[in-house]
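Look over the sequence and the structure below before reading the points.

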Amino acid sequence: MPIRTMRASATPPTTGSPGAPDSAPGRTGTTAKAHAPRAGLRREGTWGWLFVSPMVLVLGLFMVLPILMALWVSLLHWDGQSNPFSGQADFVGLDNYRTLLTQDGLDRTLFATSLRNNAYYVLLTVPLQTVLAMALALIVNQKLLRGRGALRTTFFFPSVTSSIAVSTVFLFLFQGSGAVNSMLSWIGLKGPNWFADPRGVLSLILSGLGIVDPERPAGVLADHSLMGLSWFEWLAGPSVAMCTIILLAVWTTSGSFMLIFLAALQNIPRELEESAAIEGVNRRQMLRYVTLPALRPVLFLVLTLGLISTWQVFDQVYVMGQGTPGNTTLTPAFLSYSAGFDNADFGQGSAVAFILLALILILTAFQRWALRERGARTGRNR
C-alpha cells in the first residue's frame, strides 16, 4: 500500500497531448511585464506631443505656412496688389526661375552679379571671423590673464550693438575724408573713396603686377562668360566697397562666435590636457592634436551659422550702398527685396529667395560632409 502511494505521487500529471510544451505559470506575467514599458512609452509620447502641440501649431502657422505661400508666389507674376490665391494673379510656372537662371537678359545678369558678390563675401568673411573668434577665445580662456571679464565684454560688445548703427558709423569712418583715410595719410598712403570704388581687389593686384589690364581684358577671361558675366568679371574679386562691408561683418560677428568657442574650450576635460602636458607636448602640438579635435563639433556649428548668415546679408548692404557702386555690393537677399518692393515683382523676388535657400542647403550639406569624422573602417569579422 505505501509503495502504490509513492508510485502515484512520483508519476507527473499529464495535462496536455504528448509532445506539447509544458505551460509555464509565470509566462503570462512575463509577457505582461514586457508590454508594460511599451505602453508606458506610448503614453509618454502622447503626452509629449500634447505638450509641444502649441509650439508646433505656432511654427506651422508662422513659419511653414508662409514658406508654402511664398513658394506659390514664386510661381506667379504678382504685383502685391491683389490676392495671390484668388486667381487674379497670373500663373507663370517656372518662368521666374528660368528668367534668373537660363534666359539672357538684365535679370539674369543682376542675379549672377549678386551671386558673385555674395560668394566673395562668404569666402572672406566666414574664414576670417572663425579664425578671429577662435583666437580671441584662446586668449580670454587663459587663467593667468588679468582682466579676462573686461576683455570678454569688450570683444563681445560689437555683436550686441545694432547693425544699422554700426553701419552708419562705418559710413563716416570710411568716407573719402574720413578717419580711416586720415590715418592712412599719416604714413604716406592715400586711401580710396571706399564706398564709391567699384574696382575688384584681385584685378587691382593683377594690374599692379602688370599681368592683366582691367580696362581691356583679353584672352580666355574676356571670350568666355557664365550667366551673362565674363570670366574676368567673375574672377575680379570683391570690390573695394564690398571689402569695407566684409571688415564690418568680421568685426561685429567674431564676438558672438568667440563665446561659443569659449564655452567649448571650458568643456574640454582638464585631464586630457594634463596628460598631454605630461607627455611633453608644446602649445602648438596641444592646439593641433588636443584642442582642435575636441572643437570639431563646435567648429562645424560656427561655420554653419556663419555660412547661413553671410549668404543672407541684407541690413549692411541696405544701409551702406544698396548695391552701389556699379552693383558691386548687390546680394541675393537685397535683390529679392528690391524685386518685390521696388519693382513690384514679388514672384521674381520669391524665386530669388528660394534659389538662395537651395544654395544654402547644398553648401551646408557639403560642409557637413567635409567636416565629418573620418574614422578607420572596421572590416567584417570572419
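In this predicted model, aspartate 197 forms a salt bridge with arginine 199, and their closest N and O atoms are 2.8 Å apart. A search of the whole structure finds 3 salt bridges. The other topic is the packing of nonpolar residues, where the largest core has 40 members.

**Arginine 98 and aspartate 95**

- A salt bridge joins the side chains of arginine 98 and aspartate 95, at 2.3 Å from N to O.
- Both residues belong to helix H3, where they are 3 residues apart, which means that about one helical turn separates them.
- Arginine 98 is partly exposed, at 38% relative accessible area.
- Aspartate 95 is also partly exposed, with a value of 31%.

**Aspartate 104 and arginine 108**

- The side chains of aspartate 104 and arginine 108 meet in a salt bridge with an N to O distance of 2.3 Å.

**The largest nonpolar core**

- In soluble globular proteins, nonpolar side chains tend to be buried together.
- Which of the 40 residues in the largest nonpolar core touch the most other members? They are Phe111, Tyr121 and Trp311.
- Several helices give two or more residues to this core, among them H3 (95–101), H4 (106–140), H6 (163–173) and H11 (240–266).

**Contacts of phenylalanine 111**

- Leaving aside residues up to four places away in sequence, phenylalanine 111 touches Leu100, Leu101, Met227, Leu335, Val352 and Ile355.

**A separate core**

- Another core, of 15 residues, lies apart from the largest one.
- Its members include Ala133, Met134, Ala137 and Phe257.

Terms used. Residues numbered from 1 in each chain as written. Predicted model: local features only at pLDDT ≥ 70, side-chain atom pairs only at ≥ 80, totals over all residues. Heavy atoms only, no water. Core = buried A, V, L, I, M, F, W, Y, C linked by side-chain atoms within 4.5 Å. Buried < 20%, exposed > 50% of the residue type's maximum accessible area, 1.4 Å probe, protein only. Helix = DSSP H or I, 4+ residues; strand = E, 2+ residues; numbered from the N terminus. Contact = heavy atoms within 4.5 Å. Salt bridge = Lys/Arg side-chain N within 4 Å of Asp/Glu carboxyl O.
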